[in-house]
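Please consider the structure shown below together with its sequence.

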Amino acid sequence: MALTAKQKKFVAEYLVDLNATQAAIRAGYSKKTARSVGQENLTKPDIQRELQAAMSERARRTEITADMVLQRWWAIATADPNEIMHLRRLACRHCYGIGHAYQWRDAAEYEDAVRPAEREAELSDKPPDIPSCEGGFGFNRLSAPNPRCPICSGEGRLDLHLEDTRQLPPQARMLYAGVKQTQAGVEVKLQDQGKALENVARHLGMFRDRVELSGGLDNTSQDVGNLSPEQRRARIDELNRRRGIGTDRAPGS
Ligand SMILES: [Zn+2]
């Protein structure tokens with residue numbers, strides 16, 4: 001049976017955003033029934049065939065394969081956010097100072113600290129409170145903490161480090177979603193890794209049990225993006241068990 005003009009329009013519109021309800025509205029179905037008509041249309045064999053053919057044709061034309069999309073989602077899901085930003089512990093000012101006294105970076109930094117103390121003394125007529133330089137010079141802010149430091153007990157100080165986002169390795173670059181200037185500083189945005197993993201799982205048919213229960217093509221699977229990584233793992237393992245697939249994953253992943 002050939003498709004009606006309206007159904008053809010529905011197919012064309014559905015390919016735009018894969019939203020059955022919106023496609024039904026744009027194809028001219030009434031807004032009131034668009035949702036049910038959209039879902040019903042998706043279950044019709046003629047329409048399914050037409051959609052499948054159109055999607056295959058589009059994939060052939062663009063040379064974008066499902067594997068490519070899947071690999072991209074998997075890369076995002078498994079990228080390491082530490083490659084974009086990380087918290088690290090660095091030496092405190094006392095870690096490597098002589099006798100663990102405050103260590104200055106260099107003489108210029110020390111003089112910058114002495115000058116205001118001298119000025120203060122001149123104005124107030126009190127003896128100047130000159131900072132000590134007995135800890136010496138050579139502080140390097142990027143040194144690792146000294147485990148024997150009695151001031152920080154080897155914990156150093158916390159430092160938030162953001163990588164130069166232009167130089168990110170390819171996988172981290174896919175995870176990186178831009179930066180926003182806020183009043184508090186900069187906000188680094190990342191792709192949703194939970195969502196990416198959910199997309200992979202859905203693509204591999206791991207949620208088939210739920211889709212079948214819903215009786216349609218609509219996405220009714222549980223939003224694994226809201227689960228913790230442990231819960232997500234457990235969920236995927238459970239689904240794999242039900243499908244009779246063993247899980248092989250690297251230790252510690
Ligand atoms: Zn220290």
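A nonpolar patch on the surface is formed by Leu87, Leu158, Leu160, Leu162, Val179 and Val186, which together have about 570 Å² of accessible area. Patches are made of residues with over 30% relative accessible area and no salt bridge, with like charges joined within 9 Å and nonpolar side chains (Val, Leu, Ile, Met, Phe, Trp, Tyr) joined within 5 Å. Accessible areas come from the Shrake-Rupley method with a 1.4 Å probe, and for residues only the protein chains shown count as cover. Strand E2 (residues 157-162) contributes the most to this patch, with three residues. Leu160 has its place in strand E2, and its relative accessibility of 55% makes it count as exposed. Here buried means under 20% relative accessible area, exposed means over 50%, and partly exposed lies in between (1.4 Å probe, protein chains only).

The model is predicted: local features need pLDDT of at least 70 and side-chain atom pairs count only at pLDDT 80 or more, whereas totals for chains, interfaces and linings use all residues. Residues are numbered from 1 along each chain as its sequence is written, and side-chain values use heavy atoms, with hydrogens and water left out.

The protein has 10 helices and four strands. Helices (H or I, at least four residues) and strands (E, at least two) are DSSP runs, numbered from the N terminus. Along the sequence they follow the pattern α-α-α-α-α-β-α-β-α-β-β-α-α-α. The accessible surface of the protein comes to about 16900 Å², and 52% of it belongs to carbon and sulfur atoms. Of the 253 residues in the protein, 31% are buried. Among the contacts with a separation of 6 or more, 60% are accounted for by residues 24 or more positions apart, where contact means heavy atoms within 4.5 Å.

The structure holds 15 salt bridges. One of them joins Arg88 and Asp159, whose closest N and O atoms are 2.9 Å apart. Because Arg88 lies in strand E1 (residues 85-90) and Asp159 in strand E2, this pair ties together parts that are 71 residues apart in sequence. Arg88 counts as partly exposed at 22% relative accessibility, while Asp159 counts as buried at 12%.

Asp159 forms a salt bridge with Arg141 as well, with the closest N and O atoms 3.4 Å apart. This pair links distant parts of the chain, since Asp159 is in strand E2 and Arg141 is in the loop between H6 and E2, 18 residues apart. Arg141 counts as partly exposed, at 41% relative accessibility. Elsewhere, salt bridges that share partners join Lys9, Glu13, Asp17 and Arg26 into one network.

A further salt bridge pairs Arg115 with Asp112, the closest N and O atoms being 3.4 Å apart. These two residues are three residues apart in helix H6 (residues 107-124), so about one helical turn separates them. Arg115 is partly exposed, with a relative accessible area of 42%, and Asp112 is partly exposed too, with 49%.

The next site is the metal. The zinc ion is coordinated by the SG atoms of Cys92, Cys95, Cys149 and Cys152, at 2.3 to 2.4 Å. Donors are N, O and S atoms within 2.8 Å of the metal (3.2 Å for Na, K and Ca); water is not among the atoms, so sites may look incomplete. The donor residues are spaced C-x2-C-x53-C-x2-C in sequence, and both Cys149 and Cys152 are buried. Why is the arrangement called tetrahedral? The four donor atoms subtend angles of 103 to 116° around the zinc ion, which makes the arrangement tetrahedral; four donors count as such if all angles lie between 85 and 135 degrees.

Attention now turns to the helices. In helix H1 (residues 5-17), the buried residues include Gln7, Phe10, Val11, Glu13, Tyr14 and Leu15. The buried residues of H1 pack against helix H2 (20-26), helix H3 (34-43) and helix H4 (45-62). Leu18 follows H1 and has a positive phi, near 55°.

Leu70 lies in helix H5 (residues 66-78) and is buried, with a relative accessible area of 17%. Leaving aside neighbours within four places in sequence, Leu70 is in contact with Val200, His203 and Leu204. The C-alpha atoms of Leu70 and Asn199 are separated by 8.1 Å, although these residues are 129 residues apart along the chain.

Technical notes: Tetrahedral: all angles 85-135°; square planar, octahedral: opposite > 155°, others 65-115°. Salt bridge = Lys/Arg side-chain N within 4 Å of Asp/Glu carboxyl O.
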